[in-house]
Amino acid sequence: MTNTIPEMKHCHVMQKNDIEAYAECFAHAFEGYSLFEYFSGRKYDVRKMMLFWKVLLTASREQSFCIGDAYYPNTVALFYPPDYKGAGFLQYIKAGGWKIMFRFGLRSTAQMLRFEALAEKIKAKYAPEKCWYLYGYATRPEFRNQGCGSRILKPILDYFDATGQACYLETLKEENVSLYGHYGFSLAESSRVPGTDMTLYAMVRNGR
């Protein structure tokens, strides 16, 4: 088993200088997504979410694998390897994490932390020991249903199959359950997010 993914043909692996472009793609691709509306204060704020993604990508870049369909992507996917333990506090602050609290406010920051704790608890129940975590996968609205997502996701899943590795993800959109089912993911649990009307769907794809 390996904790690295080789660079895929026709895909671009995010580098340090690409973080701004990838953060911008994530922010626009997830516009209207219930979880990030929740973090933004019920009304999705692209500028806030660009900061969120920029900090996250900066803090985790050296320990994660983020891939897109181009240098300035329209489709992006962020994977954490099986041994990923999260960015340390100082690493997160250095990446600009202190800006999150001021930009989002204490209430939204607390909501992020509560959701992260819930997601981690559910993940611990179902993700195998050697399992990649698909943290984020999205396509800009104007490029959906054109095969852009499959072009970057399928080669990675094929690589997981070839190396016998599993993958875990969460989604808060019920319609995504069948979408990920098409890629071989199975629903492990659906749980209501406390204090919200959102349902978290946990899905696992075992190595083949």
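Let's start inside helix α1, where I19, A21, Y22, A23, C25, F26, A27 and A29 are buried, that is, under 20% relative accessible area, with exposed meaning over 50% and partly exposed in between, using a 1.4 Å probe and protein chains only. The helix runs over residues 19-29 and is mostly covered, with 8 of its 11 residues buried. Helices here are DSSP runs of H or I with at least four residues, strands are runs of E with at least two, and both are numbered from the N terminus.

What does the covering? For the buried residues of α1, the cover includes β1 (12-13), α3 (46-60), β2 (65-68), β3 (75-80) and β4 (131-139).

Before going further, a word on what you're looking at. This is a predicted model, in which local features need pLDDT of at least 70 and side-chain atom pairs count only at pLDDT 80 or more, while totals for chains, interfaces and linings use all residues. Residues are numbered from 1 along each chain as its sequence is written, and side-chain values use heavy atoms, with hydrogens and water left out.

Now step back to the whole protein. You'll find 6 helices and 7 strands, and along the sequence they come in the pattern β-α-α-α-β-β-α-β-α-β-α-β-β. The radius of gyration is 16 Å, close to the 17 Å that the globule rule gives for 208 residues, so the protein is as compact as a globular protein of that length. (The radius is taken over C-alpha atoms, and the rule is 2.2 Å times the number of residues to the power 0.38.) Along the principal axes, the C-alpha atoms fill a box of roughly 45 × 35 × 35 Å.

Of the 208 residues, 52% count as buried. Contact means heavy atoms within 4.5 Å, and among contacts with a separation of 6 or more, 73% are between residues 24 or more positions apart.

Leaving out residues up to four places away in sequence, M8 touches I67, P155, I156 and Y159. M8 is buried, too, with a relative accessible area of 11%.

Next, find helix α4, residues 89-126, which holds S108. Is S108 buried or exposed? S108 counts as buried because its relative accessible area is 7%. Its side chain reaches the backbone oxygen of F39 at 2.9 Å; such a polar contact is a pair of N or O atoms within 3.5 Å, where within protein one must be able to donate a hydrogen and the other to accept it, and residues adjacent in sequence count only if both atoms are side-chain atoms. Apart from neighbours within four places in sequence, S108 is in contact with F39 and G41.

With 45% relative accessibility, L187 counts as partly exposed. L187 touches Y201, A202 and M203, not counting residues up to four places away in sequence. Y201 is 14 residues from L187 in sequence, and their C-alpha atoms are 6.9 Å apart.

Finish at N145, in the loop between β4 and α5 (148-163). N145 is exposed, with a relative accessible area of 84%. Its phi is near 60°, a positive value in a residue other than glycine.
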